[in-house]
Number of protein chains: 2
Amino acid sequence: MSRHRPGRLYGIGVGPGDPELLTLKALRLLRAAPVVAYPAPEFGDSFARGIVAGWLDARQREIAIRFPMRPGPPPAEVYERAAAAIAAELDIGRDVALLCQGDPLFYGSFVGVFALLADRYPVEIVPGVSSLGAGAAAAEVPLVTRDEVLAVIPATLAEGELQRRLAAAEVAVVVKLGRHLVKVQRVLARLGRLAEARYVERASLPGQRVAPLAEIAEAPYFSLALVRGRAPDGR
Amino acid sequence: MSRHRPGRLYGIGVGPGDPELLTLKALRLLRAAPVVAYPAPEFGDSFARGIVAGWLDARQREIAIRFPMRPGPPPAEVYERAAAAIAAELDIGRDVALLCQGDPLFYGSFVGVFALLADRYPVEIVPGVSSLGAGAAAAEVPLVTRDEVLAVIPATLAEGELQRRLAAAEVAVVVKLGRHLVKVQRVLARLGRLAEARYVERASLPGQRVAPLAEIAEAPYFSLALVRGRAPDGR
């Protein structure tokens, strides 16, 4: 029998990378939380933690949730172990701030963790600036305007499926480029649309890079391509 | 010949409605700007101004850009007049913060204004939390995960086109419901997908409302429907 009221789990979007793109709400909850959890690679530093590093306090307990570095969806144990570590803190009445790059519900790594805990603990999701808006701002092009339909397409799809989706989309953002870059370039070239695709890497960060997609030879996982024909207003 | 260096135009995303969902960058630039411009209805208060009202200073000059209250795209004069009023401030060296609900490049009203001014003045877009992330957080459902494709579809499309788009989308967000609500309900019912559609109104605001879309009889313009089959992880 617990002597405590359980803690609350906050899924906090910390934005695309620039620490100044944190929201006031994210900052308030992050600073108040006794425990901060975040995704991290198998070895090395967490990108999400890096975004808010300037606001962390040495007295906050930290939980690094380490993801194996191989392609494909991570094994279920990663989520189960993370959920157990977070639940142990919630059980003794501590609030936990679970950091998510960009927006927590837009391709967030932790939907699986929320699903495991939402029935037993109070959970609140704090939306953040996603890579979509940051990517368009970096490229200085509208994402969508007026009656346009936007398709957000992961580059991880099989080539035929990717082509079918891109052929049907007037305005598309291809996310998660990484090792799928050449496949995306090939599909867009086949559709006659490679020339209209802009590449954005590290949007909002000092190393931000914007270039024609056709010129790119290597892309990190967190990069995207904006594909749109003639922009509105003739631009 | 101008005696001043021209001012800089900031297109600032102020988020979906909760003043705490403003970013630190938006707040810094907003408070530093001698001139603040924002969209407003023909009569009455500006929603975007309302979000940041607590941070405004009486010494800041304000420009309300009034949109006519009839359906369809606003006449070009609205943008031309707004651009001229903003240019007059930039010409005398004043920075202008142009407020945009949500994210400036995601169905933003001011893409036309940026296009008119970007060649003559320095323009910077500050991304904000969009209604997509805020709507999903309110409804407590993932927006997209893993390899899913997301379609963002304006309810303003003609019925046949809307149906074609929704039939092709596993996960869709229908934005700008307003007076198009019944049409959207009819199309989803015809596709056998009305039961899986969640309605979100005033996401992140005190009057926030989440309900099955099928139960809604009237919707404001800033409302959306999340349409997704079985959510991941069986939820």
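The buried residues of α1(A) pack against β1 (9-13), β2 (35-41), α2 (47-52), β4 (96-100) and β5 (123-126) of chain A. Contact means C-beta atoms, placed from the backbone, within 7 Å. Helices (H or I, at least four residues) and strands (E, at least two) are DSSP runs, numbered from the N terminus.

This is a predicted model: local features need pLDDT of at least 70, side-chain atom pairs count only at pLDDT 80 or more, and totals for chains, interfaces and linings use all residues. Residues are numbered from 1 along each chain as its sequence is written, while chains are lettered from A and ligands numbered from 1 in the order written.

Me: Which residues of helix α1 of chain A are buried?
Reply: Buried means 20 or more other C-beta atoms within 10 Å of the residue's own; exposed means 12 or fewer, partly exposed in between, with C-beta atoms placed from the backbone. The face turned away from the buried side carries exposed A:Arg28 and A:Ala32. The buried residues of α1(A) (24-32) are A:Lys25, A:Ala26 and A:Leu30.

Me: Which strands stand at the edges of the sheet?
Reply: Strands pair if DSSP finds at least two bridges between them. The open sheet has 10 strands, in the order β9(A)-β8(A)-β10(A)-β7(A)-β6(A)-β6(B)-β7(B)-β10(B)-β8(B)-β9(B). Each edge strand has a single partner, so one side lacks a neighbour in the sheet; these are β9 (209-212) of chain A and β9 (209-212) of chain B.

Terms used:
Contact = placed C-beta atoms within 7 Å.
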